[in-house]
Amino acid sequence: MKPNFIQKVTNWGNFPVVEKEIKSEDSIEKIKDFVRKNNEVIARGNGRCYGDASLSEHIFSTKRLNKFISFDRLNGVIECESGVLLSEILEVIVPQGYFLYVTPGTKFISVGGAIASDVHGKNHHAEGCFSEYLETFSLLNENSEVITCSRTQNEDKFWATIGGMGLTGIILSAKFKLKNIETAYIRQESIKAENLDEIFKLFDESESWTYNVAWIDCLQTGKNIGRSIMMRGEHAFKHELPKKFQQNPLRLKQKFIPKVPFYFPDFMLNTWSVKLFNYLYYSKQQKKEVKNFVDYETFFYPLDVVNDWNKIYGKKGFIQYQMVIPKEKGKAGMKKILETIAKSGNGSFLAVLKLFGKENPSAYNSFPLEGYTLALDFKVNPKLAKLVSDLDEIVEEFGGRIYLTKDSMSKSSLTNYLRNVQNPKFVSVQHKRILSNSN
């Protein structure tokens with residue numbers, strides 16, 4: 001990447017597209033100078049968030065902040081610059097018997113992005129968000145000062161930055177804890193559920209499992225509404241593995257990764273193609289329950305097996321909409337959301353349901369609250385804004401919350417749970433949109 005120029009920029013959803021200045025440096029002094037000279041600055045990692053959170057008039061790309069600082073193998077603590085990707089960390093730590101405590105559904109995000117979004121995974125009910133295992137990070141603040149933030153040092157900035165969407169400054173480096181593992185494999189159970197009643201019962205029965213997630217068919221109605229497949233898992237011990245995996249249990253064979261070569265034409269994604277995909281996906285598992293062992297990439301990162309899969313949604317792009325509904329209202333809220341989606345005809349290939357545990361009151365800008373979260377992908381089309389508005393109203397009705405990392409269209413005040421981050425120096429396109437809709 002060139003150090004500094006104007007270019008068209010977008011994130012993983014290819015919506016919206018903006019033409020802004022991008023700066024990329026690995027010199028702290030030059031980064032400080034960039035911040036001093038400009039207002040409306042935002043940091044951008046690998047551009048894998050779905051919405052407009054890492055877009056601004058002046059964008060600082062952390063891609064050149066890509067160095068490892070230390071790896072304490074004895075205590076399982078790693079320190080690296082903020083532009084290092086989770087995929088790069090996994091390449092180092094998994095062969096050494098470690099894994100990330102918390103990882104989202106792609107490994108191609110930066111450490112800085114993981115903190116700014118306070119990412120969650122399939123194990124929030126059991127192990128919380130990324131911030132639970134974060135020890136310290138260095139932050140370039142609005143005064144172009146580099147400060148160290150932790151639970152005991154600059155703690156106000158520490159908690160405001162976690163889930164703060166980059167609005168408190170530029171994260172330069174971070175130190176966090178890792179999880180011990182014996183193998184690179186997951187002991188998995190996949191269980192089919194015919195409707196919402198069944199899948200919610202399965203979540204209740206599976207709370208003792210570390211990892212839980214369900215794919216859900218968002219176009220079903222009537223008695224089949226909420227038809228889904230639950231996938232629950234645990235890190236496998238070496239003695240549990242089939243013999244073919246026991247020889248090198250911490251090393252995976254290199255896989256061929258195909259690539260989507262072009263943007264799909266608009267007509268290929270419609271209600272009928274989504275219905276067909278959902279039918280085939282649900283039907284491919286013929287038994288009610290399947291038990292097996294899968295490698296961690298298959299379990300945690302099923303979409304990463306295809307490069308540039310976002311092109312499937314066409315040149316106009318897509319949005320991801322993710323909300324959380326409080327646990328006691330979860331079934332009723334999800335039923336109304338799924339009925340609204342089915343009625344709209346805006347089907348989602350990738351509809352993922354998860355259970356959140358108790359929220360951390362200290363991490364007040366973090367998205368999760370105790371309840372059920374649903375993430376959905378929608379192709380951008382003229383009817384989509386109406387659907388998003390309808391979904392916002394339902395989420396508000398049930399006392400829920402919207403995930404800013406995925407948001408690019410919501411006008412609801414539900415996106416305004418950011419606190420202590422009103423800073424004219426660090427501003428994103430998303431934040432300006434939210435503020436303009438709130439006034």
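What radius of gyration would a compact globule with 439 residues have, and what does the protein have? A compact globule would have a value near 22 Å, and the protein has 21 Å, which agrees. The radius is taken over C-alpha atoms, and the globule rule is 2.2 Å times the number of residues to the power 0.38. The model is predicted: local features need pLDDT of at least 70, side-chain atom pairs count only at pLDDT 80 or more, and totals for chains, interfaces and linings use all residues. Residues are numbered from 1 along each chain as its sequence is written, and side-chain values use heavy atoms, without hydrogens and water.

The C-alpha atoms fill a box of roughly 60 × 55 × 45 Å along the principal axes. The protein has 12 helices and 18 strands (DSSP runs numbered from the N terminus; helices are H or I with at least four residues, strands E with at least two). Buried residues make up 60% of the 439 residues (buried means under 20% relative accessible area, with a 1.4 Å probe and protein chains only). Of the contacts with a separation of 6 or more, 72% join residues 24 or more positions apart (contact means heavy atoms within 4.5 Å).

Thr10 lies in the loop between β1 (4-9) and β2 (18-24). Thr10 is buried, because its relative accessible area is 19%. Leaving out residues up to four places away in sequence, Thr10 touches Phe15, Pro16, Val17, Arg44 and Leu55. The Thr10 side chain also reaches the backbone nitrogen of Phe15 at 3.2 Å.

Technical notes: Buried < 20%, exposed > 50% of the residue type's maximum accessible area, 1.4 Å probe, protein only. Polar contact = N/O pair within 3.5 Å; in protein donor to acceptor, adjacent residues only side chain to side chain.
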